[in-house]
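Reader: Could you take me through how the helices pack here, and then the cavities?
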Amino acid sequence: MSIAVTRATFDQVMVPNYSPVEFIPVKGLGSRVWDQQGNEYIDFAGGIAVNSLGHCHPELVATLTEQGNKLWHLSNVFTNEPALQLATRLTELTFAERVFLCNSGAEANEAAFKLARKYATDHFGADKYEIISCKNSFHGRTVFTVNVGGQPKYSEGFGPNPTGITHVEFNSIEALKEAISDKTCAVVIEPVQGEGGVLPADKAYLEAARELCNQHNALLIFDEVQTGVGRCGTLYAYQAYGVTPDILSSAKGLGGGFPVGAILTTEAIAKSLGVGTHGTTYGGNPLASAVAGKVVEIVSRPEVLEGVRARHDRFVAGLNAINAKYHVFKAVRGMGLLIGCVLADEYAGRARDFLKAAEKQKLMVLVAGMNVVRLAPSLVIEDKDIDEGLARLDAAIAELVSAR
């Protein structure tokens, strides 16, 4: 039975931890979305870097339909072909020799942090458990991952907090040198801080982190939940930097909109997650694995990755042209199709106003904190949609500026 719902229904029946915009999307195709009233929107948000191939990509729809007519779920008492095919493909395309499949970025990071501590305990003893993370980072919403993340606002009120976690300045080699010790089991870094403002890491910083981890027998973890699966112009961002982690977490774009997550690691490290040490009911189910396998196949095509880099240039040129007219951004930064527009000082703290202004012009964008407008569109967004979306952003900013 179908139930008629409106935006007001959210306030009546949902837990109030979200504050969604006023319209309800009901249909999507490519980088276009339609709401209940039939209004058409350009999607520059991509489900927060999730819809890597846009909405209802025909190859993904076909894959999901085919698998849906075969096998949905088994549990990890059994294995299944799509999961094994996905894991095989990920090991072929990356540094990894072993894969753990789960359902989300938070789950992937939780598994990564547990694995790091277990590996350290197995090889060096129980005192080697400290994790170093970066200030302003974000690694998920579980109690463990939200505390590893370097934004206290997300962990306040959920104490007592886990111990053994230290936060250092992002991109500061000296801060990392001062913090790391032989008690450190892992250093976790986002190659591009997403929620923290779309701030790319310096190559020298990641190289130094790799060397320091080697010196102190610590594992280097890259959180590529947001940067992975083509988002930055290579399959994973570590490949663009030329710095290889010991553990990599992946999610968001991996399923192209279907919930899935993974950690990638080496055979030697993976041995610490022996039978019974960790698990997940839904992780690696046939539906998610089949869709993710198709996403990886498509995104890893050279023309798609090359297209990401070309689209980045088109976006940046368009954003710079808008900024030359209105002077609302102090910087446009990011990698590939993870782009952050840093607001000028006179607009500080008003990122959500830009989101609302864009909504009025039928454009979907994101924020990253209070001072950055974030764009994370489909990796295969058409040029005409980029241009139309930028025109709508121009109109939104013109109206916002005129209202000052």
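Author: Axes are lines fitted to C-alpha atoms, for helices over the stretch in contact, with angles from 0 to 180 degrees between N-to-C directions. Helices (H or I, at least four residues) and strands (E, at least two) are DSSP runs numbered from the N terminus. This is a predicted model: local features need pLDDT of at least 70, side-chain atom pairs count only at pLDDT 80 or more, and totals for chains, interfaces and linings use all residues. Residues are numbered from 1 along each chain as its sequence is written, and side-chain values use heavy atoms, with hydrogens and water left out.

Reader: At what angle do H4 and H11 pack?
Author: Helix H4 (residues 81-93) packs on helix H11 (residues 286-299) at about 30°, and their axes are 8 Å apart.

Reader: Which residues of H4 and H11 meet?
Author: With contact meaning heavy atoms within 4.5 Å, Pro 82, Ala 83, Leu 86, Arg 89, Leu 90 and Leu 93 in H4 meet Pro 286, Ser 289, Ala 290, Ala 292, Gly 293 and Val 296 in H11. By class, this contact has 9 nonpolar, 2 polar and 1 charged residues. Ala, Val, Leu, Ile, Met, Phe, Trp, Tyr, Cys and Pro count as nonpolar, Asp, Glu, Lys and Arg as charged, and the others, Gly among them, as polar.

Reader: On to cavities: how many are of 30 Å³ or more?
Author: The count is 3 cavities of 30 Å³ or more. A cavity is a set of points on a 1 Å grid over the protein atoms alone where a 1.4 Å probe fits but cannot get out; lining residues have an atom within 4 Å of a point. Grid points are joined across faces, edges and corners, and a volume is the space filled by probe spheres set on the points.

Reader: What lines the largest cavity?
Author: Its lining includes His 73, Asn 80, Tyr 282 and Pro 286. The lining divides into 3 nonpolar, 8 polar and no charged residues, and the largest cavity holds about 40 Å³ of space.

Note on methods
On a 1 Å grid over the protein atoms alone, a cavity is a set of points where a 1.4 Å probe fits but cannot get out, and a pocket is an open set with protein on both sides within 12 Å along at least five of seven lines; lining residues have an atom within 4 Å of a point.
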